[in-house]
Amino acid sequence: AQPQPAPRLEGARLLLSLRDPGWLRTRRIDDFLPDHGHLMHLYVVRMPALDVAYHLHPDMNAPGEFVQWLPSMPPGKYALYGDVVHQNGFPETLTAEIDIPALQGRPLEGDDSGGHLRGGELSGGYRMVWDRESLTLKTPALFRFRVLDPAGNPAAGMELYMGMQGHAAFIRHDGKVFAHVHPSGSVPMAALSLTSEAVDDPHAHHRGVPPVLAFPYGFPQPGDYRILVQIKRAGKVETAAFDAAVR
């Protein structure tokens, strides 16, 4: 993750300025590729409780300058994780922190989503469950989740969210480990599309959108983690949260 200059608030407008740290001669701050239709995927997570989280998509209004209208959100210190992909396929996660007062913002729209986290509870009596297995440090694993209706049956009405069956974020409670993961892994689709071996339709295996999804991930460091899993059902994006202790 690459720390960036302090973000700024103008009312409910969040302003992000990127800088070139100079460690990569070919690095630029104006050459980003859209990934799932967006130049940046920004996770905004209240620390240290990780009880409020948003997945937002700022617009770039000048080279290296992004702006995002924030929703109404509770006050607190928030960690920011901004995923971008350069034209050469190189992905970066840009990090910052900001203190946000009680904010009256704009309603979430488009692919933006988030709010207070309620464990595996979803709206309308639906819920998500994690088929837990033993967790081993630095060992790749497949994290499987199921979406159930109020009667405990597999949920109907599942939809793709930004072209994927779901999105997940793995965040250590101290904020020092973050990964945005798709069912296909952590490689951004914008980067995958640049490879000569990219399949014609990387989402073909998601057709039908079953209520069971899985994410490959390996914990790089010990600690207490929160896993955020986002799905779209009946036109609504929802977020479930699960805790994992890795020793």
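Two strands pair if DSSP finds at least two bridges between them. Keep that in mind for the first stop. One caution before we start: this is a predicted model.

Let's begin with a sheet. It is open, it has three strands, and the order runs β11-β12-β16. The pairing is antiparallel. Strands of a sheet pair through backbone hydrogen bonds, either parallel or antiparallel. Which strands sit at the edges? They are β11, residues 127-130, and β16, residues 212-217. Each of these two pairs on one side only. From one strand to the next, the twist averages 25 degrees.

Now zoom in on β11 and β12. Strand β12 covers residues 141-148. How many bridges join β11 and β12? Four, in the antiparallel sense.

Next, the rings. The structure holds 14 aromatic pairs. A pair of aromatic rings is described by the distance of the centres and the angle of the planes. Take W130 and F143. Their centres are 5.9 Å apart, with 35 degrees between the planes, and the pair is tilted. W130 belongs to strand β11 and F143 to strand β12, so this pair ties together parts that are 13 residues apart in sequence. Buried or exposed? Both W130 and F143 are buried.

F143 has another partner, F219. Here the ring centres lie 5.6 Å apart and the planes stand at 85 degrees, so the pair of F143 and F219 is edge-to-face. F143 is in strand β12, while F219 is in the loop between β16 and β17 (223-233), so the pair bridges parts that are 76 residues apart in sequence.

Why does F143 count as buried? Its relative accessibility is 3%, and buried means under 20%. F219 also counts as buried, because its relative accessibility is 2%.

Step back to the wider group. Ring pairs link W130, F143, F145, F170, F215, Y217, F219, Y225 and F242 into a cluster. So far we have visited three of its members, W130, F143 and F219.

Last stop: charges over rings. R106 lies over the face of W69, 3.6 Å from the ring centre. What sits over the ring of Y126? The charged end of R233 does, at 3.5 Å from the centre of that ring.

To recap: an open sheet in the order β11-β12-β16, an aromatic cluster that includes W130, F143 and F219, and arginine R233 over Y126.

Methods. Residues are numbered from 1 along each chain as its sequence is written. This is a predicted model: local features need pLDDT of at least 70, side-chain atom pairs count only at pLDDT 80 or more; totals for chains, interfaces and linings use all residues. Side-chain values use heavy atoms; hydrogens and water are left out. Axes are lines fitted to C-alpha atoms, for helices over the stretch in contact, and angles run from 0 to 180 degrees between N-to-C directions. Rings of Phe, Tyr and Trp (its six-membered ring) pair if their centres lie within 6.5 Å; planes under 30 degrees apart count as stacked, over 60 as edge-to-face and the rest as tilted. Buried means under 20% relative accessible area, exposed over 50%, partly exposed in between (1.4 Å probe, protein chains only). A charge sits over a ring if NZ of Lys or CZ of Arg is within 6 Å of the ring centre and within 35 degrees of the ring normal.
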